[in-house]
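Below are some numbered comments for a colleague who is going through this entry. Please read them beside the sequence and the coordinates.

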Amino acid sequence: VNEYLNIPNDSTIFVLGDTAHVVQDGGPLPGVAPVAMQQGRYVARTIFKRIKGLDNKIAPFRYINKGNLA
């Protein structure tokens with residue numbers, strides 16, 4: 001997927017979670033729940049902004065690792 005979590009050439013289809021191959025800082029993001037949760041919030045905000053006509057305010061998705069807990 002691209003940096004907006006869309007498939008190439010179609011900005012109306014989002015891919016997130018385990019099904020998304022997102023490359024950030026030269027490597028793929030792990031298929032773990034924290035990544036999927038941040039992607040879900042990002043997609044929800046993106047859809048809201050599109051509905052409101054704020055397409056120019058949409059930044060690319062960027063995962064923020066908040067650490068690991070075992």
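1. Gln39 has its place in helix H1, and in this model, which is a predicted one, Gln39 is buried, its relative accessible area being 2%. Once neighbours within four places in sequence are set aside, the residues in contact with Gln39 are Leu5, Leu16, Gly17, Ala20, Val22 and Phe61.

2. Helix H1 itself runs over residues 33-51, with 19 residues, and its span of 27 Å from first to last C-alpha is close to the 27 Å expected at 1.5 Å a residue. Just after H1 comes Gly53, which takes a positive phi of about 80 degrees.

3. Which residues of H1 are buried? They are Val35, Gln38, Gln39, Tyr42, Val43 and Thr46. Viewed down the axis of H1, the buried residues fall within an arc of 140 degrees, so they line one face of the helix. Strand S2 (10-14) is included in what covers these buried residues, whereas the face of H1 turned away from the buried side carries Phe48 and Ile51, which are exposed.

4. The salt-bridge count comes to one, and that pair is Arg62 with Asp25, whose side chains meet at 2.9 Å, N to O. The pair links distant parts of the chain, 37 residues apart, with Arg62 in the segment after H1 and Asp25 in the loop between strand S3 (23-24) and strand S4 (27-28).

5. As to the accessibility of the two partners, Arg62 counts as partly exposed because its relative accessibility is 47%, while Asp25, at 64% relative accessibility, counts as exposed.

Definitions and conventions
Residues numbered from 1 in each chain as written. Predicted model: local features only at pLDDT ≥ 70, side-chain atom pairs only at ≥ 80, totals over all residues. Heavy atoms only, no water. Helix = DSSP H or I, 4+ residues; strand = E, 2+ residues; numbered from the N terminus. Expected span 1.5 Å × (residues − 1). Buried < 20%, exposed > 50% of the residue type's maximum accessible area, 1.4 Å probe, protein only. Arc of directions from axis to C-beta. Contact = heavy atoms within 4.5 Å. Salt bridge = Lys/Arg side-chain N within 4 Å of Asp/Glu carboxyl O.
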